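Me: I would like to go through this structure term by term. For each label, tell me what it rests on.

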Amino acid sequence: MSKIISVSGGISSGKSRFAEQKAISAGKKRVYLATSEITDDEMRLKVQKHIDSRYGIFDTIENFDKIDEIIKKIDYDVCMIDCITNMINNIMYHSGIDFEVCNSEIFESFSYDLKKYVSSIIHAMKKKDITFVIVTNEMGLAPISASRYTRRFVQLQGEINQMLFNDSDEVYFLIGGIGNKIK
């Protein structure tokens, strides 16, 4: 039977470090499913820090749009997915849709497809007899953005977090590096 642990919090709240410790304590054979794409020097540095912190502790797979398929094929004790926020961002970016100006029908269709993808990830996780540790950002505590794109991104992030947390066995919220169990 699978176990799903979700770790959320704001940017630089210590989510990844906390999640890595959860993953390390959950099993010896671990894979790190990284969803980031390197788009500039700042992201390159951030990704390198993450790689350095897990060197020799995790195998790494980099992907954001076939996570469900990857989960079906992996053979590990623990799978850490870092992070759902980057996954959503990359899928939105690669969709070719201008979310700042597209109409509601286009956005709702995209949202439906994205939630269907997340449902297939959750379904794949539930069929595996391993522990999953998922990192995701909490975006709903920030001010409402003037940007329509950002408002739509935050809306999707919140809805997807609700889906993940509903199916999680444990949920942690981080503030300043301190994890608080909320489920």
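**Labels and their cut-offs**

Reply: Helix α5 (residues 104-127) packs against α6 at an angle of about 25 degrees, and their axes are 11 Å apart. Axes are lines fitted to C-alpha atoms, for helices over the stretch in contact, and angles run from 0 to 180 degrees between N-to-C directions. The model is predicted: local features need pLDDT of at least 70, side-chain atom pairs count only at pLDDT 80 or more, and totals for chains, interfaces and linings use all residues. Residues are numbered from 1 along each chain as its sequence is written, and side-chain values use heavy atoms, with hydrogens and water left out.

Me: Why is α5 called roughly parallel to α6?

Reply: Angles under 35 degrees count as roughly parallel, over 145 as roughly antiparallel, 65 to 115 as roughly perpendicular and the rest as oblique. The angle here is about 25 degrees, so α5 is roughly parallel to α6.

Me: Which residues of α5 and α6 meet?

Reply: Among those in α5 are Phe107, Leu114 and Ile122; among those in α6 are Leu156, Ile160 and Met163. Contact means heavy atoms within 4.5 Å.

Me: How do you know whether Asn63 is buried or exposed?

Reply: Asn63 has 16% relative accessibility, so Asn63 counts as buried. Asn63 is found in the loop between β3 (59-62) and α3 (67-73). Leaving aside neighbours within four places in sequence, Asn63 is in contact with Leu33, Ala34, Thr35 and Ile70.

Me: Which backbone nitrogens lie by the side chain of Asn63?

Reply: The backbone nitrogen of Lys66 is 2.6 Å from a polar atom of that side chain. For the backbone nitrogen of Ile67, the figure is 3.5 Å. A polar contact is a pair of N or O atoms within 3.5 Å; within protein, one must be able to donate a hydrogen and the other to accept it, and residues adjacent in sequence count only if both atoms are side-chain atoms.

Me: Why is Lys127 called exposed?

Reply: Lys127 lies in helix α5. At 65% relative accessibility, Lys127 is over the cut-off of 50%, so Lys127 counts as exposed.

Me: What about Ser12: buried or exposed, and what is its phi?

Reply: The relative accessible area of Ser12 is 71%, so Ser12 is exposed. Ser12 has a positive phi of about 60 degrees although it is not a glycine. Most residues other than glycine have a negative phi. Ser12 is found in the loop between β1 (3-9) and α1 (15-26).

Me: What makes the peptide bond from Asp82 to Cys83 cis?

Reply: Its omega is near 0 degrees. Most peptide bonds are trans. Cys83 is placed in the loop between β4 (78-82) and α4.

Notes
Helices (H or I, at least four residues) and strands (E, at least two) are DSSP runs, numbered from the N terminus. Buried means under 20% relative accessible area, exposed over 50%, partly exposed in between (1.4 Å probe, protein chains only).
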